[in-house]
Amino acid sequence: MLARTADNLYWVSRYVERAEYLARILEATQRLSALPIAYGGTTNEWDSAVATAGCAGAFFAAHKEANEESVTEFLAFSPDNPSSIRSCFEVARSNARAMRTALTIEMWEAINETWLELRRFQPSSMSREEIARFLRWVQECSLRFDGSAYRTMLRNDAYWFSRLGVYLERADNTARILDVKYHMLLPAHEHVGGPLDYFQWAAILRSVSALTAYHWVYRESVKPWLVADLLILNDQMPRSLASCYENIVRNLDSIARAYGRQGPAQRQARAVRTRLQNSRMDGIFQSGLHEFIGGFIADNNRLGAAIAEQYLV
Amino acid sequence: MRIRIRHDTTYHYDVPVGGVIQMLRLTPRNHDGQFVVDWRIDVSEDCRLDAQEDAFGNIAHVFTADGPFVALTVLVEGEVETQDTGGLIRGAVERFPPSLYLRETALTAPDAAIAGFAADARAAAGADPLATLHEMLARLHRDVVFDTDPTHAATTAAEAFALGRGVCQDLTHIFVAAARALGIPARYVGGYFHRSDGVVAQDAGHAWAEAHVPALGWVAFDPANGICATEAHVRVAVGLDYLGAAPVRGARDGGGAESLAVRLLVDQAARQVQS
């Protein structure tokens, strides 16, 4: 396979996954901001939405204040923001068009129709309900693309590269949520387990659709260390770091086996997977959750660079 | 190196056995030098097989099978991807501080001869613990003859050292006992070894030792081969001695006399080139 085709496949998946993640963040933030101040606290959720999306710099260069209107516009529709939902779908679609023949018909239709329909949304005139509907539509588009890939692609290197994109992006997103929410300081008078705490952490779980899963796994009220455990170490949880790396390692291994060569990407992915497998939550808290997540994000980026170096250029 | 392992253990009983319970430490874990690509355990009879982690962080399966049956096969099979780390063991599961591995056990109690051997090695190598360990490794490999006949599973380090003969298990026990006699934490490692001479079918798994060197952490020494662990070693379980890391321990109800056949294949799965 041409490196360029592999690159396109990988990035289509990454961008579609990123669009879904942005929709989830916006949805969770909308819900959080709808809470009364007494529950929601005085922190600005829209600030943290921008930070979680990883584009605070670009946002504050264009806008003064983070509020519902400006953040929704910037993260969902802005053509100037290279990681807005709109831009994600646009880049995904142009990547897909560049290697149209490497995709199945179903995948191409899913991404192309998404793009065509996206242009019909008029952001300026949308009510809050319409925005909510739009965000759900974005998630459905991602589901459709992902499901088409899963159901129709041949299990060869094309499939593995596209999966690699999904899981690398997903790991990055989950880590970012954890990183930003970790910083969200509780007001001094709030004791741990208070209402503010509950809604914040429940919002995190919702943003990765894990609230129900949480209750199934722990059968307990929502506690930050268990949330962290679920999203970092639990490999049953499809958006956890452990689960993403399980899949990354498997797909990289399939690629290595098919090509008969392996290199730094495989080694790095295995090292991260091993660390996640051999860690325990109390150990991570002891050495600092923030440092752990920061280290993970750096490792994940390094892996992205190693994959690009090894296969995509 | 990608190592493919197939290890089956078959028991034949003269009289049908009423039930068997076993503890299997046959599942490797990942660390920086090895990655388990694929691994499974098959038991020939209907059984209950529960995975758990023992105190040392090894994966242990407990299985119970209700009889009657006259034969039982436990098969483990899998693929492990390894890298040469120069014998350094990093990123492994550590549940205890190194000082725990100074503890003496019945199989690894040093007698005067082993203590003398350790002191000689230290005198020859100087104060550096790593140099001392390498000296012991070289001397053991030179002086103790590899011989499967005279020793058995319950032979102690002191007995094997007095004989001057033994298998990898005995050499490892002697090494561990000597290291501990010098105050260096050391432990027993059970696993598999891919032979470079092309012999694929082996009679038994392999055993080597790990010793803790302050500046480096755990370092693996293989006295049977006279080397530090390489990418040919697949590390499965650690313990204070053989009993703690034994691949299979168990009991059975009835069954009369038992005969045991082990078949072990360790081969390179596919030749891959590292880029």
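**Where the chains meet**

Modeller: First off, this is a predicted model. As for the two chains, 13 residues of chain B are in contact with 13 residues of chain A.

Biologist: Which elements give two or more residues to the side of chain B that touches chain A?
Modeller: Those are β2 (34–43) and β16 (273–274) of chain B.

Biologist: And what's that side like by class?
Modeller: On chain B, the side that touches chain A has five nonpolar residues, seven polar ones and one charged.

Biologist: OK, let's zoom in on chain A. How many helices and strands does chain A have?
Modeller: Chain A has 16 helices and one strand. Its radius of gyration is 19 Å, close to the 20 Å that the globule rule gives for 313 residues, so chain A is as compact as a globular protein of that length.

Biologist: What box do its C-alpha atoms fill?
Modeller: Roughly 60 × 50 × 35 Å for chain A, taken along the principal axes.

Biologist: How much of chain A is buried?
Modeller: Buried residues make up 45% of the 313 residues in chain A. And if you take the contacts in chain A with a separation of 6 or more, 68% of them are between residues 24 or more positions apart.

Biologist: What domains does chain A get?
Modeller: The domain assignment gives domain 1 (14–153) and domain 2 (154–313) of chain A. Their centres, taken over C-alpha atoms, are separated by 21 Å.

Biologist: How many residues are in contact there?
Modeller: In chain A, 22 residues of domain 1 are in contact with 21 residues of domain 2. On the domain 1 side, the elements giving two or more residues are α1, α2 (37–40), α3 (45–52) and α8 of chain A. The largest share, nine residues, comes from α1(A).

Biologist: Which classes are on that side?
Modeller: The side of domain 1 of chain A that touches domain 2 of chain A has ten nonpolar, six polar and six charged residues.

Biologist: Switching topic: pick a helix and tell me about it.
Modeller: Let's take α7 of chain A, residues 105–118. At 1.5 Å a residue, its 14 residues should span 20 Å, and its end C-alpha atoms are 20 Å apart, which agrees.

Biologist: Which residues of α7(A) are buried?
Modeller: M107(A), A110(A), I111(A) and T114(A). Looking down the axis of α7(A), the buried residues fall within an arc of 85°, so they line one face of the helix.

Biologist: Why would residues a few places apart point the same way?
Modeller: An α-helix has 3.6 residues a turn, so residues three or four places apart point the same way.

Biologist: What do the buried residues of α7(A) pack against?
Modeller: They pack against α1 (3–33), α6 (85–98) and α8 (128–152) of chain A. On the other side of α7(A), I105(A), L116(A) and E117(A) are exposed.

Biologist: Now a loop. Where does D235(A) lie?
Modeller: D235(A) is in the loop between α12 (224–232) and α13 (241–259) of chain A.

Biologist: Is D235(A) buried, exposed or partly exposed?
Modeller: D235(A) is partly exposed, with 16 other C-beta atoms within 10 Å. Leaving aside neighbours within four places in sequence, D235(A) is in contact with S240(A), A242(A), S243(A) and E246(A). Also, D235(A) and L276(A) are 41 residues apart in sequence, yet their C-alpha atoms are 9.6 Å apart in space.

Biologist: And what comes after α13(A)?
Modeller: G260(A) follows α13(A), and the phi of G260(A) is positive, near 70°.

Biologist: Back to chain B: what are its domains?
Modeller: The assignment gives domain 1 (2–81 + 248–268) and domain 2 (86–244) of chain B. Their C-alpha centres lie 24 Å apart. In chain B, 21 residues of domain 1 are in contact with 24 residues of domain 2.

Biologist: Which element gives the most to the domain 1 side?
Modeller: That's β15(B), with six residues on the side of domain 1 of chain B that touches domain 2 of chain B.

Note on methods
Residues numbered from 1 in each chain as written. Chains lettered and ligands numbered in written order. Predicted model: local features only at pLDDT ≥ 70, side-chain atom pairs only at ≥ 80, totals over all residues. Contact = placed C-beta atoms within 7 Å. Helix = DSSP H or I, 4+ residues; strand = E, 2+ residues; numbered from the N terminus. Nonpolar A, V, L, I, M, F, W, Y, C, P; charged D, E, K, R; others polar. Expected span 1.5 Å × (residues − 1). Buried ≥ 20, exposed ≤ 12 C-beta atoms within 10 Å, placed from the backbone. Arc of directions from axis to C-beta. Rg over C-alpha atoms; globule rule 2.2 N^0.38 Å. Domains from an automatic or database assignment.
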